[in-house]
Amino acid sequence: MSAPAGTFHDRVEKALHDPQLKIALERTTGNARRKRAAAVEAWPEFSAARAAAAAIKDHALAHMAYYLEMFERNALASGAQVHWARDPDEARRIVVEICKAAGAKTVTRSKSMLGEEIGLPHALAEAGLRRVETDLAEHIIQLAGETPSHIIWPAAHRTREDVAKLFDQYHREKPPAHDVVSMVGSARKELRADFFAAEVGISGANFLVAETGAICTITNEGNAELTTTPPRVHIVTAGIEKIVASTEHALQLTRLLVRSATGADLTQYTTFHSGPKRAADRDGPEQFHIVLVDHERTKMLSELPEMLRCLRCGACLNHCVVYRAIGGHAYGGAYPGPMGSVLTPAFDGLQQTRDLPSACTLNGQCKQVCPVDIPLPTMLRHWRSRSWRAGYEPKIAGAAISIWAFVAARPALYQLAQTFALPAMRLFAKAGWISSLPLASGWTAHRDFPKPPRQTFLTMIRKGNRS
Amino acid sequence: MPERGNAPGAPHVGLFATCLVDSIRPNVGFAALALLEAAGCKVEVPLQQTCCGQPAFNSGADDAAKPLAKAVIETFEAFDYLVAPSGSCAGMIKAHYPELFADDPAWLPRARALAAKTHELLSFLVDVRGFSPRNVVCKASATYHDSCSGLRELGVKAQPRALLNAVAGLELRPLEGEETCCGFGGTFCVKYSDISNAIVGEKAQNVVATDADLLLGGDLGCLLNMAGKLRRDGASTRVFHTAEILAGMADHAIGEEA
């Protein structure tokens, strides 16, 4: 599996020069934007529901320890085994040990972004386990040897034409045609036997319900049910911020989550999983393990508390002009787009990832579409401020801001600077426009700049002449 | 300091021209002055103004932004209103000065007080002054880009359209993605120039697709970005700040020499 390589700038350049990527991203995100807009339009109480959803998450987060302990008690009572992992290392070790103890050779997985966050696919391969991704898009990127590029549509960077090539190359039985139905049928056949061969199935969780000890998965393909029911062992990996007080709260959040993600009222499957198979049950796993992962989340509670509201709906990605231009792999972390640019510095360290919060126009559309009103621009600015104070910003850009701010804080000096800079700029102009300007290539590489006026507005006002 | 308009009871407005208008397009400043006076305000342009500090604040350099913010507060707090022909600069003062001074008990009340009386020009004209332009003619088709800060931080959306609908001869055409960022983003457009180019490239295509004579907006930063890209792409769309049209001061578009 190839993780995105190179610096942020390298990855961006690669993405911007990939015309197929632009087509694939626009199909997926454009569709998602239109469907979400229609769903919001059709739900007059949307903004009230959104405020309630934020309050539901804030309540659970404000009493996180209380609800997590309640969840653990109720999960244990249902026969589940609960494991606590401080960091990705611990989480991976716990999962691999459960797989080994179960004598597993084949492990099926339904889509879980937390699994990507903690590096689970790689850990399973290293432990010698055969990993089978059962979500259609995850199946596609497993064939391609890639990582997800979108948290809802992991293969958002691939066109249907790309996928047809992959299926022709790798499926034991090639799809009879390249229409959607034939290709989905081909994937279904390819995966079917593995659902029943696997000894262990691993899923994520959309919600951990404190009052019942159940976990909730929200999916469209039915693969999560086939991943979690036939194998002898079901392992759930979930971040501790997935905790909610009650089933009612989980269902209220589901209404926001699904509409924001796909524009549908509900997904095909909303499943509450509670404990292992009981004596009278016809099917279900013999063991039900829940691995609760902290990984910086308790730290975020004090530093970036609103970020823990995130439902992982992907709306902020679909509406982000930067994501739509560069795609998910350019971000270099498990989570791309605005939410990823807040999370990745917390997970991977700010010094290595400082470009992510900076590469944003702060246009605020992400906050506007967020179903739980996370102030993403404020959180991105928080990282910029941290990066500035820590001295991580490039020296020249930092010096430019400091010098400019020093001058701008001194009106007389500022006017003096204008009287030198503006006439100098005018020398570069032809027919009213500057097409190349020293020290401003970032602008003039792609855009012209208008010739500045002979006199500034304030100079003309001072002299008493109006235009 | 020059003062104009002396009707009794007229509100005393401090015009914050913004650093871009001051240096690059004074005509927008004069248009703002004319409109505010036409709307019955007593307008003053404080001569010691420079910049609101947004480039520093958005770079995370709070320490560099604070002296600039303090200067703006000191310069404008005596006025009834601070009005700026930019949603982004007005948004900085209104939404972010209180954030910048959140931990400073001496400056926070002053920041909040100024925030409460700060307005973006076009929304001020409509919402506070109930103004509508009279006898303004502009025979052209135009499309409108909603700049992000004005739209999302200040709710500027209906006001510019209401004002432009009162201009005789002007036909407004809808713009695909009118609420989508143009890729300017202040220092973003030079720091991440290639990403910015991809974003403004799509915007320019959408503008050209309207086949409108004019592209209008309320924020000079965004307008310079889009005008510069349209010009580089060889498009003939003429770009103006909305205030220039409303004041009947639209002889020369951005980049056209007098």
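In chain A, strand β2 (residues 106-109) and strand β4 (residues 200-203) run parallel and are joined by three bridges. Strands here are DSSP runs of E with at least two residues, helices are runs of H or I with at least four residues, and both are numbered from the N terminus; two strands count as paired if DSSP finds at least two bridges between them. This is a predicted model, where local features need pLDDT of at least 70, side-chain atom pairs count only at pLDDT 80 or more, and totals for chains, interfaces and linings use all residues. Residues are numbered from 1 along each chain as its sequence is written, with chains lettered from A and ligands numbered from 1 in the order in which they are written.

Now for the sheets themselves. Chain A has an open sheet of six strands, ordered β1-β10-β7-β4-β2-β3, with parallel pairing. At its edges sit β1 (81-85) and β3 (130-133) of chain A, each pairing on one side only. From one strand to the next, the twist averages 20° (angles run from 0 to 180 degrees between N-to-C directions of axes, which are lines fitted to C-alpha atoms, for helices over the stretch in contact).

Chain B has an open sheet too, with four strands in the order β7-β6-β8-β9 and parallel pairing.

| Residue | Bridge partner | Partner's strand |
|---|---|---|
| A:Arg109 | A:Ile202 | β4(A) |
| B:Ala142 | B:Leu214 | β8(B) |
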